[in-house]
Amino acid sequence: MAYPTNYRYTREHEWISVEGKIGTIGITDYAQNSLGDIVYVDAPKVGDAVTANATFGSVESVKAVSDLFSPVTGTVTEVNEALKTEPDKINSAPHETWIIKVELANAAEYDSLLDAAAYEKFITEEQ
Amino acid sequence: MTTETKAPLAEVNRVIGKVRPHQTQNERLVFEKSAPGKKAYKLPPLDVPSVDPAALLGDAVRKEPAGLPELSEIEIIRHFTRLSTWNYAIDLGMYPLGSCTMKYNPRVNEFVSRIEGLAEAHPYRHDEYAQGILDVIDLLQKCLIEITGMDAITLQPAAGAHGEFTGILLVRAWHESQGNARKKIIIPDSAHGTNPATAAICGYQVENLKSNADGGIDLEALAAQVDEETAALMLTNPSTIGVFEEQIHKIADILHDKGALLYMDGANMNALVGKVRPGDFGVDVMHLNLHKTFSTPHGGGGPGSGPVACKRFLEPFLPTPVLYTREDGTKHWEYDRPQSVGRVRAFFGNTGMFIRALAYILANGPDGLRQTTEDAVLNANYIRKKLEDLYELPYKTPSMHEVVFSDKRQAAKGVKTGDIAKRLIDYGFHPYTVSFPLIVPGALMIEPTESESVEELDLFIDAMRSIAKEVEETPELVKSAPHSTRVSRLDEVTAARKPVLRWKPE
């Protein structure tokens, strides 16, 4: 699966796309593939603060529970409620299925993340 | 008859309810077997004045029957006996569940634990009339202190995670006594999931520490991460990939330099007993699993037992009561301990397990325990050598008591570790641990323990080699396993996404 070039990525396998001050965050195809069938997503609440490189929730698959790491610092503005009943959407369309939206506190953090090419190189090395 | 036996098992089970061996026979839920009016008890005539429950208890008295199943005694016996035959147990064969140390539970343990004076000892009996059981507890404490190289111990915690919780409570209490409880606990990414859960429950932030290329601790990364707000590092040694952390001294120094403590998860103690002592390599506090290392029953409710051993400076914080010996040699429980974290378990812990563990330790003796450790390590390395040409070995560092492969080669054929594990059931073995530790993608974690003979190990190796061949030739056979069980592959995803948690009357 192609990694959208207009997204940025973390080494913990989250993606983020930014429009204005709002960042949209999900997990990558590589992440969903490693996790297997996702059965539950534990996301923060609207208004919660998230910190770059710190956990903001977790995803549970049949195999394991894995932490979600925030690519940026900011405040949660929206949570994808559909994942409560359809967590498998992350498996079928990882790059279209967002988990939270965040108002960025520091736009510079976005620039320091991996671009698609660097992320693809990173996961090739990790395999 | 021939057509029926050829039909899929599920279909056969639908058609036939009684005329099959009980292992494959249907067994409905105990609620579904209920019929009104049946009972498995007969009360004698009332020989005391009857009372009106409603007058005594008012609204608390149940208006409707509780809806409990009604069965005769033999129906209950048969129900649970049949269910028990669907199970797999160490008494049926090898149970190579990595990280769990599913070793044989010696029959002598069971014999000793049933000695009347020990089995019937009442926890409310006065200390002076309980000297026998207190001697057992005292001797076990001394043995475990010697084995771990620590200074003090509590036997109260009910199992491993409870031991972790108790241990981190000690860490917190000690830091508080120094004026600052501190904020975070560092945990390697190879750790058992209970470690971060423990830290969080004890009010600490969890900081992840990435393993180095050998699957061990990266000293530079650790040194950079430890600061004055670090309460402790929780470390499993040997690690969950079965590798001994050779730099453990340096790890301890890095922590102690900043006033942080070293907690050791003793889950893998079966690789160390009689060889090295955590107390000698810088550990401040640790737990043991009597149901792993010390041969008490594991699984099926055990119950477990997770003693916590610590260095002298943590002793004042141990849970109450603490056993002490008076000048006259008698043993007593001491409750007046102002700095204690308090009680973590009713009475004195799972006492029946103490008797079994002590029987195991005394029956083996120091040399026997050392031999046990050597055999456990030998068995794991035997399996490693015999399978490493077919299964990928992600970390080449020498293995201790368990070996971790990955499904990399089999995954190329679309067969994952979980499929191989399910196929192993068809060969008569309990699966190994699947997909753990998380630092190995598609992990197969195999721990044979010292209990297995070379003959049983060879059977297991033959099974694993045969499955590897099937992956090459008939991968679908492995992907759809198990085939010989009462129920075939279960839909784990639906079970997790749409769980049915209780039976309801129709």
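Modeller: A residue counts as buried with 20 or more other C-beta atoms within 10 Å of its own, as exposed with 12 or fewer, and as partly exposed in between, C-beta atoms being placed from the backbone. This is a predicted model, in which local features need pLDDT of at least 70 and side-chain atom pairs pLDDT 80 or more, while totals for chains, interfaces and linings use all residues. Residues are numbered from 1 along each chain as its sequence is written, and chains are lettered from A and ligands numbered from 1 in the order written.

Colleague: Is Ile22(A) buried, partly exposed or exposed?

Modeller: Ile22(A) belongs to strand 3 of chain A (strands are DSSP E runs of at least two residues, helices H or I runs of at least four, numbered from the N terminus). It has 14 C-beta neighbours inside 10 Å, so its class is partly exposed.

Colleague: Which residues does Ile22(A) touch, leaving out those up to four places away in sequence?

Modeller: Contact requires C-beta atoms, placed from the backbone, within 7 Å. Ala105(A), 83 residues away in sequence, has its C-alpha 9.7 Å from that of Ile22(A). The residues that Ile22(A) touches are Thr77(A), Lys101(A) and Glu103(A).

Colleague: Which residue stands opposite Thr24(A) in strand 9 of chain A?

Modeller: Strand 3 (residues 22-27) and strand 9 (residues 100-104) of chain A run antiparallel and are joined by four bridges (pairing needs at least two DSSP bridges). In strand 9 of chain A, the residue opposite Thr24(A) is Lys101(A).

Colleague: Which strands stand at the edges of the six-stranded open sheet of chain A?

Modeller: The sheet has the order 1-2-3-9-8-5, with antiparallel pairing. Each edge strand has a single partner, so one side of each is left without a neighbour in the sheet. In chain A these are strand 1 (8-9) and strand 5 (49-50).

Colleague: In chain B, which residue of strand 12 stands opposite Val434(B)?

Modeller: Chain B has an open, antiparallel sheet of three strands in the order 10-12-11. Its edge strands are strand 10 (403-406) and strand 11 (433-434). Two bridges pair strand 11 of chain B with strand 12 (residues 443-446) in the antiparallel sense. The residue opposite Val434(B) is Leu444(B).

Colleague: Which residues of helix 15 of chain B make the contact with helix 12 of chain B?

Modeller: The axes of helix 12 (residues 351-387) and helix 15 (residues 454-473) of chain B come within 10 Å and cross at roughly 30 degrees. From helix 12 of chain B, the contact involves Asn379(B), Tyr382(B), Ile383(B), Lys386(B) and Leu387(B). From helix 15 of chain B, the residues are Leu457(B), Ile461(B) and Met464(B).

Colleague: How many residues of chain B are in contact with chain A?

Modeller: The two chains meet through residues on both sides. Chain A contributes six residues, and the number from chain B is seven.

Key. Axes fitted to C-alpha atoms, helices over the stretch in contact; angles between N-to-C directions.
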